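Subject: Structure for your review

Dear colleague,

Please find below the structure that I would like to hand over to you. My notes on what was found in it follow directly after.

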Amino acid sequence: MSEKQKIKVLVVDDEPDIVEILKYNLEKEGYEVATAEDGMKGVKTAGKFLPDVILLDIMMPHQDGVETCLQLRQIPELKNTFIIFLTARMEEYSEVAAFDVGADDYITKPIKPRALMSRIAALFRRESKKEQEQSKISIRDLVIDRSSYTIDKAGKTITLPKKEFELLYFLAKNPNIVFSRDELLQNIWGADVFVLARTVDVHIRKVREKIGEDYITTVKGVGYKFELGQ
C-alpha cells in the first residue's frame, strides 16, 4: 500500500458517473487522484499535478483524447507518465491513433475497476524490469540512453516518444536478430495489452523517419531487425 500511496493518477473524462467510479476505486487502492472533465482542462491539470498515470477518454467535448495525448507528450515532466485510453470506440482507427500519439494502453468501456487496477500494476511491473536493464547502448554511430530516452547520433541529440524509444532500444540491444510483430508487441507493450500488429509498423516508420532508414531492416513475411553493419 505504501508503494501505491506515492502514485498519482489523473482521470480525464466528460462522463461524471465514470469519473466518480474510477476516483472511488483508485482512492480505495491508495492512489492520489485528480480529475478533469475535458481534454484542455486535462492538459492544464496534468502540468500542475504531474501524474504518474493518466486515464484519458477519447471522445470528449472541446478537444478529443488523441489531441490531448499529443499535447501531454510534449510536456517534458510527463515523459515517463503512463497514458491509458478509455473509450467506447472499438474500431481499428481509434486504437491505431491512440498508440500512434503515445498511449501505453487502451481499454474499452464499460470499464471493470479491478481489471483496470491490474493493468496499471502491470505497467509499473514492466517499467521496474526495464529500469534494471543496461542504461546505455553504443551501436554503430548511435548512443541510445535509456535514462534520458534520448539518442545521440554523430553529436546530434534525437528525442523519441517513449514507445518508439523502447522499440529502438529493444532491437538495438538484440542486433541482427529478426523479431516478428507479435514478439515486438509482447516485449514492448506487454502480453496483457491488446495491440494491433499494425501499431508496430507505424512505430517503426516513425523511428526510421527520425534516425534514418538504414538501421532497422524489414524481413519480408517475418518481421524486423536492427542491422549491426560492417
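The largest nonpolar core has 52 residues, and the members that touch the most others are Leu-56, Leu-72, Phe-85, Ile-144, Leu-168, Ile-216 and Phe-226. Helix α7 gives the most to this core, contributing 7 residues. Please bear in mind throughout that this is a predicted model.

Apart from neighbours within four places in sequence, Phe-226 is in contact with Ile-139, Arg-140, Leu-142, Leu-168, Leu-171, Ala-172, Pro-175, Asn-176, Tyr-215 and Ile-216. There is also a second, separate core of 20 residues, which includes Ile-18, Leu-26, Tyr-31 and Val-33.

I turn next to the sheet. It is an open sheet of 4 strands with antiparallel pairing, in the order β6-β7-β8-β9. Strands β6 (136-139) and β9 (156-159) stand at the edges with a single partner strand each, so one side of each has no neighbour in the sheet. On average, neighbouring strands of this sheet are turned by 20° against each other, direction ignored.

Which strands does helix α7 touch where it packs on the sheet? Helix α7 (residues 162-173) touches β6, β7 (142-145) and β8, and its direction makes about 120° with that of β7.

Finally, strand β8 (residues 150-153) runs antiparallel to β9 and is joined to it by 4 bridges. Within this pair, Lys-153 stands opposite Lys-156 in β9.

Yours sincerely,
A colleague

Terms used:
Residues are numbered from 1 along each chain as its sequence is written. This is a predicted model: local features need pLDDT of at least 70, side-chain atom pairs count only at pLDDT 80 or more; totals for chains, interfaces and linings use all residues. Side-chain values use heavy atoms; hydrogens and water are left out. Two strands pair if DSSP finds at least two bridges between them. Helices (H or I, at least four residues) and strands (E, at least two) are DSSP runs, numbered from the N terminus. Axes are lines fitted to C-alpha atoms, for helices over the stretch in contact, and angles run from 0 to 180 degrees between N-to-C directions. Contact means heavy atoms within 4.5 Å. A nonpolar core is a set of buried Ala, Val, Leu, Ile, Met, Phe, Trp, Tyr and Cys residues joined through side-chain atoms within 4.5 Å. Buried means under 20% relative accessible area, exposed over 50%, partly exposed in between (1.4 Å probe, protein chains only).
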